[in-house]
Amino acid sequence: MADGPGVAREASREERAWEQNTLRPTLAKSPERQAEFTTISGHPIRRLYTPADLAGWDADRDLGYPGEPPYTRGIHSTMHRGRLWTMRQFAGFGTAEDTNARFRYLLSQGQTGLSTAFDLPTLMGYDSDHPLSEGEVGKCGVAISSLADMEVLFDKIPLANVTTSMTINSPAAVIWAMYLAVAEKQGADWKKISGTLQNDILKEYIAQKEYIYPPEPSMRLVIDTFEFAVKNTPKFNPISISGYHIREAGSTAIQELAFTLRDGMEYVEWGMRRGLDVDEFVPQLSFFFNAHSDFFEEIAKYRAARRIWHKAMVERYGAKSARAWALRFHTQTAGCSLTAQQPYNNVVRTAIQALAAVMGGTQSLHTNSLDEAWALPTEFAATIALRTQQIIAHETGVTSTVDPLGGSYFVEALTNEVERGAWDYIEKIDAMGGMVAAIERSYPQREIAEASYRYQRELDKKEKIMVGVNDYVSEEKPLEILQINESVALRQAERLRKLRADRSQSEVDRRLNALRKAAEGRDNLMPFLFDAVKAYATVGEICDALRVVFGTYEEVAIT
Amino acid sequence: MPEKKIRVLIAKPGLDGHDRGAKVIARALRDAGMEVIYTGLRQTPEMIATAAAQEDVDVIGLSILSGAHNTICPQLMNLLRNKGMQDVTVLVGGIIPEADIPDLKKSGIAEIFLPGTSTQDIVDFIHKRVEQ
């Protein structure tokens with residue numbers, strides 16, 4: 001029957017007999033609910049998957065065994081039987097004191113890693129007292145303007161023992177220098193500290209749009225962190241190559257996968273051009289995917305991701321170490337799937353999405369809180385989100401076996417299709433001259449905008465249903481949410497005024513000048529950033545020094 | 001003579017770069033026959049008011065997700081008043097706590113569209129408002 005995704009398939013005699021004798025009479029009597037079934041991304045789904053959908057598929061070759069190439073079943077041989085994923089809830093709001101308290105609360109509740117959200121001024125390289133920061137200080141994350149703030153943020157949290165993820169991109173190298181300075185002050189060994197810097201500038205141009213500098217110098221900064229990490233912090237991931245934001249911007253699952261992995265390849269190529277050894281630096285690159293609501297499509301996406309990365313590392317870059325072949329990833333459930341309406345339903349959505357991430361073999365996970373379509377989470381909402389992971393880990397039994405869906409006709413066929421779709425995009429981007437070139441042509445931006453508009457039309461026409469939004473609507477009481485008031489900005493401004501009065505300005509000027517000079521040349525900027533932050537130069541001052549040399553980036557807005 | 005098209009400025013104020021909503025709305029209004037100008041990212045209230053005056057728009061649509069609405073909206077409304085542009089309909093779409101809505105409306109914002117609003121509702125609102 002030609003109702004599949006256009007793949008030639010030959011049904012067995014038994015399958016054809018079933019169609020004739022059982023299916024046809026049923027369809028004649030009661031037609032199906034829809035003429036076509038598609039994933040949330042619009043990918044066509046067949047009525048039934050059988051061995052005919054896996055023609056040419058070889059279990060030993062295409063599925064393999066966990067902990068071995070092509071890693072379809074996971075990157076560890078025992079997966080979640082050996083060690084559960086890291087439960088890493090993204091948190092950050094208000095001042096460093098506010099977020100430090102939330103961090104310590106989450107750790108006391110059984111969370112196993114930290115993840116820092118910074119506010120928009122910090123993400124854009126402005127101090128809290130910059131005019132453009134007005135109204136934004138401490139709102140979408142914690143306000144960090146200098147090492148003094150960073151010291152408060154990690155006060156009484158031993159960086160030697162806890163892994164920390166930091167969601168920051170354009171000023172990532174600056175914030176990382178601050179983190180390393182705090183670790184040094186605590187006496188933690190850089191060789192042992194572990195964590196992840198997001199530092200993925202390519203997806204900023206593609207999706208989230210928190211960029212400062214043009215692509216070329218931005219990529220240099222990223223590669224500087226790779227080089228520094230290889231030598232100094234072997235357990236730290238200097239990057240988390242992120243599909244999350246691409247998906248949130250409205251991409252399909254295949255686009256998320258393709259653009260993220262092609263971004264990854266771009267970083268590998270730039271690292272190699274710097275003279276870094278693939279087998280040395282690639283094991284420190286990590287990935288970050290979205291967990292959306294279409295359960296099987298998401299699981300197929302994670303499985304395909306591992307297979308594509310392995311193939312690319314072996315065939316394109318000649319990597320010889322298994323640590324370079326194995327794609328490690330963090331997952332966050334889909335913020336864009338959550339509804340402001342009937343917000344308690346979001347607990348259910350998040351649980352299903354988290355289940356997909358776990359069954360897809362994630363290494364760490366953030367589960368969104370029920371109130372995230374309204375505001376940053378309250379402690380109450382953040383606790384339920386963490387409990388959701390603990391319930392999956394300890395009550396559902398899905399962690400008892402590795403890759404529980406492996407061998408399912410449907411999941412294997414979908415994994416193949418998603419992989420094929422992603423390679424098509426990757427090859428298209430290769431032909432454009434790589435991801436930086438594709439971004440400059442707005443190619444991924446345009447593909448995502450098309451997909452997001454298509455989905456909105458489907459919602460408007462009720463071809464896709466969002467419960468509580470375009471169907472099953474009901475009256476409800478407003479939710480109690482976290483409000484960040486403007487006193488945060490005042491406290492930050494006061495702290496900055498004191499900082500500038502107390503530090504040695506001549507030392508700050510000297511180190512910022514050294515940084516500027518180095519930026520004009522080709523030296524790795526990490527040591528210069530480290531010097532500057534230790535003299536308490538602010539995020540804004542450091543980013544301004546680089547703005548002078550690098551210039552700033554403006555995108556061509558497409559609608 | 002063909003009817004004059006409704007002119008809309010879609011603006012993305014503040015430091016936030018999440019432009020999915022702004023772009024979807026821009027396209028939906030264009031598909032509904034309106035003339036749409038999109039400002040691009042990180043516009044200050046001054047830039048938005050100036051663009052609105054230059055483009056002689058009937059409607060300004062602000063997309064704000066970052067929590068900066070209580071700062072940005074009153075600033076923009078003051079600027080519009082000073083420029084004698086009280087007739088321009090100003091709409092806000094995005095993540096706005098319900099508790100903030102009364103004050104935003106008092107400042108002159110015509111309507112606030114929360115997540116989940118269908119694009120048709122926004123099109124209908126603009127038609128009704130501009131034709132009044």
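Which residues of H19(A) are buried? They are Pro444(A), Gln445(A), Glu447(A), Ile448(A), Ala449(A), Ala451(A), Ser452(A), Tyr453(A), Tyr455(A) and Gln456(A). A residue is buried if 20 or more other C-beta atoms lie within 10 Å of its own, exposed if 12 or fewer, and partly exposed in between, with C-beta atoms placed from the backbone. Helices (H or I, at least four residues) and strands (E, at least two) are DSSP runs, numbered from the N terminus.

This is a predicted model, in which local features need pLDDT of at least 70, side-chain atom pairs count only at pLDDT 80 or more, and totals for chains, interfaces and linings use all residues. Residues are numbered from 1 along each chain as its sequence is written, while chains are lettered from A and ligands numbered from 1 in the order in which they are written. The predictor gives the complex an ipTM of 0.93 and a pTM of 0.96. Chain B has a mean pLDDT (the predictor's confidence in each residue, from 0 to 100) of 95. In chain B, 98% of residues reach 70 or more.

Take chain A as a whole. It holds 23 helices and nine strands. Its radius of gyration is 24 Å, close to the 24 Å that the globule rule gives for 559 residues, so chain A is as compact as a globular protein of that length. The radius is taken over C-alpha atoms, and the rule is 2.2 Å times the number of residues to the power 0.38. The C-alpha trace spans about 85 × 60 × 45 Å along its principal axes. Of the 559 residues, 51% count as buried.

Now the sheet. Nine strands of chain A form an open sheet with parallel pairing, in the order E5-E4-E3-E2-E1-E9-E8-E7-E6. Two strands pair if DSSP finds at least two bridges between them. Strands E5 (236-237) and E6 (239-242) of chain A stand at the edges, each with a single partner strand, so one side of each has no neighbour in the sheet. Strand E8 (residues 329-333) of chain A runs parallel to E9 (residues 364-366) of chain A, and three bridges join them. Here Thr331(A) stands opposite Leu365(A) in E9(A).

Back to H19(A). This helix has 18 residues and reaches 26 Å from its first C-alpha to its last, close to the 26 Å expected at 1.5 Å a residue. The expected span is 1.5 Å times one less than the number of residues. Its buried residues pack against H8 (202-208), H10 (244-248), H11 (253-273) and H18 (435-440) of chain A, together with H1 (20-31) and H5 (119-131) of chain B.

That leads to the interface. Here 33 residues of chain A are in contact with 29 residues of chain B. Two residues are in contact if their C-beta atoms, placed from the backbone, lie within 7 Å. H19(A) supplies five residues, the largest share of the side of chain A that touches chain B. By class, that side has 17 nonpolar, 10 polar and six charged residues. Ala, Val, Leu, Ile, Met, Phe, Trp, Tyr, Cys and Pro count as nonpolar, Asp, Glu, Lys and Arg as charged, and the others, Gly among them, as polar.

Finally, the backbone. Most residues other than glycine have a negative phi, and most peptide bonds are trans. Met79(A) has a positive phi, near 40°. This residue lies in helix H3 of chain A and is buried, with 23 other C-beta atoms within 10 Å. Tyr472(A) also has a positive phi, near 55°. Tyr472(A) sits in the loop between H19 and H20 of chain A and is exposed, with 12 other C-beta atoms within 10 Å. A cis peptide bond joins Pro69(A) and Pro70(A).
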